[in-house]
Amino acid sequence: MSNYQPDPPLKYRCEKSIPSELRLVTWNVDFMAPHSDARFLHILSYLQKSTLSAPPEPSCILLQELDAKSFAALLASDWVRKHYAVVPDSTKEWCDHHYGNATLVSRSIPVQNVKKMNFYNSQMGRTAIFVDIPIRPWADSDELRVVRVANTHLESLPQGTSRRPAQLKAIAELLCAEGVDGGVVGGDMNMIGDTKDQTIHIAAGLEDACLFPDDPASHTWGYQPVCQWPPQRLDRVFFVGEGLLVDSVQVIGRGLRIKNGQWASDHCGLSTTISFSAPQI
């Protein structure tokens, strides 16, 4: 486990405020296909125009499978630099692999803690990034609660089936740690296996934020393009915590292509909103 201490440039610092709800987006942006930088910038443009407000509401964007080119495009984006802090701020944190994750958090949010976990059992350099975000149970409340948001990419393919449960359980333990009121993990869970693989979140004590998990409309992968594997709901959002409210996830970016006709990613993204219920009087 390692700690980050992001320090934004003075020109991008802004007044901090604690939100009463948090918009959450997760997207595997695909490091393997060509033109990763152009594809990623198209995804960013889509988020600006079709998913988030202008300027963006308090939000957290979880990205998986960035490579050096797309990560450089991320850091160079004027929109990102103005509105978000980026964790990590360098590819050096990617465990010597040529791709990795990054989490974007609105600059207006006073993030309390940032950590990274390297999975001891991973053969693919997989990790999780954690950020602790204070949220008010209602807009004018003086009470604060802390939601821990994790960004992960669990072990891939059938050979990763035996490794994913321990990886997700390790995340769940940190989502339930002392001082944390609720936890959310989003990312590419790679749950492509049998019934047991489809319930590793239950074994870890987490709830699924998808209301219709068996509906093909909930699939996030396998169409862009069609491949040897059937379409699946690889990308998911799980959560835990008394009073934590997570809206049912919405699939975003289906059919998204860049100008040359190439898919922006082989994955669709997910979007949801996080809040806490007000105490009953």
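Leu 157 is found in the loop between strand E8 (145-153) and helix H4 (164-175). Helices (H or I, at least four residues) and strands (E, at least two) are DSSP runs, numbered from the N terminus. The model is predicted, so local features need pLDDT of at least 70 and side-chain atom pairs count only at pLDDT 80 or more, while totals for chains, interfaces and linings use all residues. Residues are numbered from 1 along each chain as its sequence is written, and side-chain values use heavy atoms, with hydrogens and water left out.

Back to Leu 157. Its phi is near 65°, a positive value in a residue other than glycine. Most residues other than glycine have a negative phi, and most peptide bonds are trans. Leu 157 counts as partly exposed because its relative accessibility is 35%; buried means under 20% relative accessible area, exposed over 50%, and partly exposed in between, with a 1.4 Å probe and protein chains only.

Which other residue has a positive phi although it is not a glycine? Glu 65, at about 65°. Glu 65 lies in strand E3, and it counts as buried because its relative accessibility is 10%.

Now the peptide bonds. The bond from Ala 54 to Pro 55 is cis, with omega near -5°. Pro 55 sits in the loop between helix H1 (36-51) and strand E3 (59-67). The bond from Val 87 to Pro 88 is also cis, with omega near -5°, and Pro 88 belongs to the loop between strand E4 (84-87) and strand E5 (99-106).

Is His 83 buried or exposed? It counts as buried, because its relative accessibility is 18%. Leaving aside neighbours within four places in sequence, His 83 is in contact (heavy atoms within 4.5 Å) with Pro 55, Pro 56, Val 105, Ser 106 and Arg 107.

Last, helix H4. Its buried residues are Arg 164, Gln 167, Leu 168, Ile 171, Ala 172, Leu 174 and Leu 175. Seen down the axis of H4, they fall within an arc of 165°, so they line one face of the helix. The arc is that of the directions from the helix axis to the C-beta atoms. An α-helix has 3.6 residues a turn, so residues three or four places apart point the same way. What do the buried residues of H4 pack against? Strand E6 (113-118), strand E7 (127-135), E8, strand E9 (182-188), helix H5 (200-203) and strand E11 (235-240).
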